[in-house]
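Hi! Here are my notes on this model, written so that you can follow along with the structure open beside you.

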Amino acid sequence: MIDEEILKSIASQLMTKSSVTVEGNSAPVRRTSRQRLKTAAFRVEGHEYQAIEQNPEKPSRWGQLARSGRQVVQFKDTERNKFVAVAVDGKVTFYGDSMKR
């Protein structure tokens with residue numbers, strides 16, 4: 001199970017720094033090729049995840065929040081290819097059964 005405090009820290013680092021540090025390991029913040037969104041791949045307790053800045057052009061509620069100036073970061077479990085959580089201005093919300101991992 002990934003810790004809420006770790007996700008808060010990663011979201012903050014993703015939006016403000018050139019790298020994210022998790023459990024003593026550093027990962028660079030990169031930009032996606034098309035939308036130029038910030039992204040960083042990282043490992044927590046042996047599982048690989050990716051933090052991705054929310055695309056403000058998406059019609060979803062998360063896109064709407066990003067358009068209004070909020071900091072929205074999605075977290076994806078890259079092994080299962082599923083989004084597990086979202087952080088909006090530091091408040092983390094987990095999706096479905098992602099807490100059971």
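1. Some ground rules. This is a predicted model, where local features need pLDDT of at least 70 and side-chain atom pairs count only at pLDDT 80 or more, while totals for chains, interfaces and linings use all residues. Residues are numbered from 1 along each chain as its sequence is written, and side-chain values use heavy atoms, with hydrogens and water left out.

2. Strands here are DSSP runs of E with at least two residues, helices are runs of H or I with at least four, and both are numbered from the N terminus. Two strands pair if DSSP finds at least two bridges between them. Ala 85 has Phe 94 in β8 as its bridge partner. Two residues sit between the strands of this hairpin, and Asp 89 in the turn has a positive phi of about 50°.

3. The two faces of β8. Buried means under 20% relative accessible area, exposed over 50%, and partly exposed in between (1.4 Å probe, protein chains only).

4. Zoom out and you get an open sheet of six strands in the order β3-β4-β5-β6-β7-β8, with antiparallel pairing. Its edge strands are β3 (30–31) and β8, each pairing on one side only. Further in, β4 (residues 38–44) and β5 (residues 47–53) run antiparallel and are joined by six bridges.

5. Phe 42 has Tyr 49 in β5 as its bridge partner. The structure holds two aromatic pairs. The rings of Phe 42 and Tyr 49 are stacked, because their centres are 5.8 Å apart and their planes at 25°. Phe 42 and Phe 75 instead pair edge-to-face, 6.4 Å centre to centre with 85° between the planes. For reference, rings of Phe, Tyr and Trp (its six-membered ring) pair if their centres lie within 6.5 Å; planes under 30 degrees apart count as stacked, over 60 as edge-to-face and the rest as tilted. Phe 42, Tyr 49 and Phe 75 form one aromatic cluster. Phe 42 and Tyr 49 are both buried, and Phe 75 is buried as well.

6. Salt bridges. A search of the whole structure finds five of them, each a side-chain nitrogen of Lys or Arg within 4 Å of a carboxyl oxygen of Asp or Glu. Asp 77 and Arg 80 form another salt bridge (3.1 Å, N to O). Is Asp 77 buried or exposed? Asp 77 counts as buried, at 0% relative accessibility, whereas Arg 80 is partly exposed at 34%.
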